[in-house]
Amino acid sequence: MKNIVLLMLSVLLVSACNNDKNATEAAGRPSYEKIIGTRFIEVRRQFDNGYSFNSYGFQQEPEWVLEFLSEDSVKIYSPFEKKFLHYPVFFDHDSIFNIAREWVKLRHLSKDSLIFQLLQVEQKVVKKDRSNVSMKFYSKEYLDKKQLDPRELQKPKARDTAFVRTLVEKANKYADKPDSVLAAREPVKLISKSPAITIKQSHGVRDIMDPSRAEEYLNPEYSIIIDGAYKDFTHNFTVVVDEKGKMHLGRFAVSEEFVESRTRVLKGIIDVYLHKYLTIIPGKTLGIPHASEIRIYLKGKGRK
C-alpha cells in the first residue's frame, strides 16, 4: 500500500512538472525550430476587412520569400538585388518579433503555412488601430504537393476587384474634389508633345523592405519645366486627373488674400500649357481608369 501511494505521488509530481514546463513554453518565445530550412512564399497580404486595398487605394502586396536559418536569423529574397538578404530575428514579447526592420506578431506556424500580423509600433507602443494587416505564407513543399502556382494565389481576388470598383465609382463621381479621389496603382502618365516642355517623375522604385515604396503611387510627383513661357514663374500645386485625362486644379498654399488670383493663374497655366502640350493618361487600379491626385512642381522660363 505504501509503495502504491509513493507511486501515485511520483506520477502527480511528474505531471505537475510537465504542466509547468508546457505553461512556461506557451508563455515564452515561440520556436521556429520545425520550419528551419523550409522556404516559405507569401501568397496573400490583406487588411482585417479581408481586402488587399484600403479606401485610399493603398495596396497590400504579397512580396516576401523567406527561409529561417535559425531561431535568430532569416533570409528574405530581394527582387531588386536578385538575391537573398540575411536579417537578424529579434524576439520582444507575446509572439512579437522584429524581422527585416518590420514588427510582426506570429499568429500561426506549421510546416505548411505561416501567418504574421504586421504591427505599427511607435515609441515601443503597438498602435492597434493601424496593426491591421496579415501576411500569409505557404511552404514551397506544400505548394508543389498541391500543384499550386504562387503567382496565381498572389493576384487580387474577385472581392478586391469589387471593392476597388466601388472606390472608382466614388472617385469618378467627385473628380473635382481631392478628398474623394483614389490613389492610382498605375499612376498618371504625363508625356510631353513639345520639346519646350520637359517632365520628370520624382518618385522611383525603392527597396522591397522600405515602407516608403508605396509613395511611388500614393503621392506621385512630377517636375515640369516650360521653356519659352510668358515669364519666369514657379508654382507648387496638385491637380486631380479624371478618368478621361482632364486636369482639375487641386490644392496649393497661399495667403487667403491671394487665393482668388492664384486660382486664376494656375487654371490658366493648366489650360494654356498643360492641356495643350501634354498627353495625359489617367491613373488606373486593376486596369480601371479613375480620378487620382498628383502633385506638380512647375517652373516656367520666360523668353529671353
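Q: Helices (H or I, at least four residues) and strands (E, at least two) are DSSP runs, numbered from the N terminus. How many helices and strands are in the protein?
A: The protein has six helices and 19 strands. The model is predicted, so local features need pLDDT of at least 70 and side-chain atom pairs 80 or more, while totals for chains, interfaces and linings use all residues. Residues are numbered from 1 along each chain as its sequence is written, and side-chain values use heavy atoms, with hydrogens and water left out.

Q: What percentage of the residues is buried?
A: Relative accessible area decides: buried is under 20%, exposed over 50%, partly exposed in between (1.4 Å probe, protein chains only). Of the 304 residues in the protein, 38% are buried.

Q: What share of the contacts joins residues 24 or more positions apart?
A: A contact is heavy atoms within 4.5 Å. Take the contacts with a separation of 6 or more: residues 24 or more positions apart account for 64% of them.

Q: Now single residues. Where is Glu42, and is Glu42 buried or exposed?
A: Glu42 lies in strand 1. Its relative accessibility is 0%, so Glu42 counts as buried.

Q: Which backbone nitrogen does the side chain of Thr285 reach?
A: That of Arg185, at 3.1 Å. Thr285 belongs to strand 17 (residues 284–285). Thr285 is buried because its relative accessibility is 1%. Leaving aside neighbours within four places in sequence, the contacts of Thr285 are Phe53, Val164, Leu182, Ala183, Ala184, Arg185 and His290.

Q: What residues does Gly300 touch, not counting those up to four places away in sequence?
A: Ile226, Ala229, Lys231, Asp232 and Phe233. Gly300 is in strand 19. At a relative accessible area of 3%, Gly300 is buried.

Q: Where does Ala196 lie?
A: In the loop between strand 11 (189–192) and strand 12 (197–201). Ala196 is partly exposed, because its relative accessible area is 24%. Not counting residues up to four places away in sequence, Ala196 touches Ile225, Ile226 and Asp227. The C-alpha atoms of Ala196 and Tyr277 are separated by 9.2 Å, and the two residues are 81 apart along the chain.

Q: How many aromatic pairs are in the whole structure?
A: Rings of Phe, Tyr and Trp (its six-membered ring) pair if their centres lie within 6.5 Å; planes under 30 degrees apart are stacked, over 60 edge-to-face, the rest tilted. The search finds nine aromatic pairs. In one, Tyr77 and Phe84, the ring centres are 5.3 Å apart and the planes stand at 65 degrees, so the pair is edge-to-face. Tyr77 is partly exposed at 29% relative accessible area. Phe84 is partly exposed too, at 23%.

Q: Which residues form one aromatic cluster?
A: Tyr32, Phe68, Phe91 and Phe97.

Q: Which residues line the largest cavity?
A: Ala183, Ala184, Pro187, Val188, Tyr217, Leu218, Pro220, Ser292, Glu293 and Ile294. Helix 5 (215–218) and strand 19 (292–302) are the elements that give two or more residues to this lining. Strand 19 supplies the largest share, three residues.

Q: How do the residues of that lining divide into nonpolar, polar and charged?
A: Ala, Val, Leu, Ile, Met, Phe, Trp, Tyr, Cys and Pro count as nonpolar, Asp, Glu, Lys and Arg as charged, and the others, Gly among them, as polar. The largest cavity has eight nonpolar lining residues, one polar and one charged.

Q: And which residues line the second largest pocket?
A: Arg44, Arg45, Ser52, Gln59, Gln60, Glu61, Pro62, Arg151, Gln154, Lys155, Pro156 and Asp160. They divide into two nonpolar, four polar and six charged. Strand 1 (39–47) and helix 3 (150–154) each supply at least two of the lining residues. The space in this pocket is about 150 Å³.

Technical notes: On a 1 Å grid over the protein atoms alone, a cavity is a set of points where a 1.4 Å probe fits but cannot get out, and a pocket is an open set with protein on both sides within 12 Å along at least five of seven lines; lining residues have an atom within 4 Å of a point. A polar contact is a pair of N or O atoms within 3.5 Å; within protein, one must be able to donate a hydrogen and the other to accept it, and residues adjacent in sequence count only if both atoms are side-chain atoms. Grid points are joined across faces, edges and corners, and a volume is the space filled by probe spheres set on the points.
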